[in-house]
Each structure stands twice: as C-alpha cells, then as structure tokens.
Amino acid sequence: MAAVVFVGAREYFELVRSRGITEGMTPPPRYVSRVCSVICALMPLFVMYHGHIDVSVASAAFVLAMALLVQRGSPRFAQLSSAIFGLFYCGYLPCFWVKLRCGLAAPALNTRIGATWPFLLGGQAHWTVGLVATLISISSIIAADTFAFIGGKAFGRTPLTSISPKKTWEGTIIGFCGCIATSVVLSKVFSWPVSPLSAIALGVLTFFGSVFGDLTESMIKRDAGVKDSGSLIPGHGGVLDRADSYVFTGALAYSFIKTFLPLYGV
C-alpha cells in the first residue's frame, strides 16, 4: 500500500506541474512535491502501527505550509492548496483501506468460509469484519466498473458529464445495479452484513465513491491536458488511472460501518 501510494503521489504532483495546469497556477517546488510523496507513503504504515494519523496529518500540513512560506521568491496560495490536496487525496484517503482491513477486528465466523479459514492465512482469528468488508467493497468496485463499461458499450447514448465524455447515463445506471447486486450477493455468501438494507447501503456508497473518485481524477487529467496519469502499466496508464475508483470508497465504507452498523453488522 505504501509503495502504491508513493507512486500515485508522484503521478499527482507531476500532473500538477504539467503545462495545462501551470498555465493557471504556480505549482509547488519539486522538493516540496518529493517530500509530500514520502509523507503520503508513510501514512499507511503509521495507520497500521499507530491506529490513527489525524495529528500527524495536521502536523505534516503545518510543516508543508511553513516550508512553502519561507521559500525563496513569492509564495502562492495555489502552491499550498495543491500540496495540501495532494496530502489528502494521495495519502490520507487511501489510509482508510488500512483502517477498513485492520481496524474492524470483530470476528465474522458466521459462514463455513470463516470457520475453515486456512491456518497459513492466519486462521479463524483473521477472518474478521474488516477482511469481509474489504473483499465486498473491492468486488463491488470491480463490478461497478465492469457493468458500467459493458452497459455503456451496449446501450450508451446520453453523456454523463463533460469531464469524462465516454461515460454515459445508461452505463452508469447499469453499473449502479451491478454494484448493488454484487454487494447483496456477497453479503449472503459471507453472512455479513446481516441486514440486506445494510448491504444495499454499502453498495450504494461504494458505487458513488467509485464514480466520483473516477471523475475527480478525470478532472485533474483534463486540466493537465493529458490522457493518462502515467505510463507505469502498459496499456492502462498510471497507478492513479487504475486506483481512482478506490480513493474515496475506503473512507466511505469504513465510516458507514463504524458509524451506522451496530456491532459492525455482525
């Protein structure tokens, strides 16, 4: 996770420095971009071993603001805003996947899968609500993207938004249905969450997190004047191109389970 976050942060700051965006703003200095990328990569590790990063993120933002304000030349608000958003978008939000997987440690042994979870994978103690919620969330995102792509190809006629011209309302609606269906089916397979309404709500949140994560990255790329965020994955672009649907979803899923599901939905 730390490695993926680091590469994604580097791609983000390269987008910020691209010609399309810099025509309307002053990007952060390169040393600030590199420091931000390292800080973003450390955030998942900090969450893993300390449980929360709120104070650390606030401290990092303060140090970043201080570094920008004392730089040579004339500091710009655009530098600060793009750098702070980079910390939030590339570092803080992905950490919720670590919280979702490792922070919800209540056992989920209501299924045969949980009762026979292999010892080499940690045994029954590792079949937790966090693991099941992570599997359902990731599977629902994949379903949303897949159904939206197939539905858009087959029935797409009405453009969804000018930010991403290839997306259509028809494909989005089919993706929405596929996402919810996947969430409900997997909730039955894993016997979590117990309530079908909770499974539907989780599917709805997952879908909207996926769509708006995709559109957010499309907006950044459009302003940068580029097609892909990078070239790390041949034929697919960069890490942000592959992970954009996941950026907001982990936070939404974790917050929903933590806030609205009694006993984490067991």
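Helix α5 holds both phenylalanine 85 and tyrosine 89, which are four residues apart, or about one turn of the helix. The model described here is predicted. Its chain is divided into domain 1, covering residues 1–104, and domain 2, covering residues 107–265.

**Aromatic rings**

- A pair of aromatic rings is described by two quantities, the distance of the centres and the angle of the planes.
- In the whole structure, a search finds 16 aromatic pairs.
- One of these pairs is formed by phenylalanine 85 and tyrosine 89, with 5.3 Å from centre to centre and 15° between the planes.
- This pair counts as stacked, because its angle of 15° falls in the class of planes under 30 degrees apart.

- The centres of domain 1 and domain 2, taken over C-alpha atoms, are separated by 24 Å.
- To the contact, domain 1 brings 18 residues and domain 2 brings 35 residues.
- The size of an interface is often given as the accessible area lost when the parts come together.
- Between them, domain 1 and domain 2 bury about 2300 Å², and 75% of this area is on carbon and sulfur atoms.
- Of the area that domain 1 buries against domain 2, 33% comes from Tyr89, Trp97 and Leu104, more than from any other three residues.

**Polar and charged links across the interface**

- Zero salt bridges are counted between domain 1 and domain 2.
- Six residue pairs are found in polar contact across the interface, with both residues of each pair at pLDDT 80 or more.

**The side of domain 1 that touches domain 2**

- At least two residues of this side are supplied by each of four helices: α1 (2–16), α2 (19–22), α5 (77–92) and α6 (95–103).
- Helix α1 gives the most to this side, with six residues.
- Sorted by class, this side of domain 1 has twelve nonpolar, three polar and three charged residues.

**The loop between α9 and α10**

- Serine 191 is found in the loop between α9 and α10, and its phi is near 55°, a positive value in a residue other than glycine.
- Proline 193 has its place in the loop between α9 (169–190) and α10 (196–224).
- Tryptophan 192 and proline 193 are joined by a cis peptide bond, with omega about -15°.

Notes: Residues are numbered from 1 along each chain as its sequence is written. This is a predicted model: local features need pLDDT of at least 70, side-chain atom pairs count only at pLDDT 80 or more; totals for chains, interfaces and linings use all residues. Side-chain values use heavy atoms; hydrogens and water are left out. Domain bounds come from an automatic or database domain assignment. Contact means heavy atoms within 4.5 Å. Buried area is the accessible area (1.4 Å probe) that two parts lose on being put together, summed over both. A salt bridge is a side-chain nitrogen of Lys or Arg within 4 Å of a carboxyl oxygen of Asp or Glu. A polar contact is a pair of N or O atoms within 3.5 Å; within protein, one must be able to donate a hydrogen and the other to accept it, and residues adjacent in sequence count only if both atoms are side-chain atoms. Ala, Val, Leu, Ile, Met, Phe, Trp, Tyr, Cys and Pro count as nonpolar, Asp, Glu, Lys and Arg as charged, and the others, Gly among them, as polar. Rings of Phe, Tyr and Trp (its six-membered ring) pair if their centres lie within 6.5 Å; planes under 30 degrees apart count as stacked, over 60 as edge-to-face and the rest as tilted.
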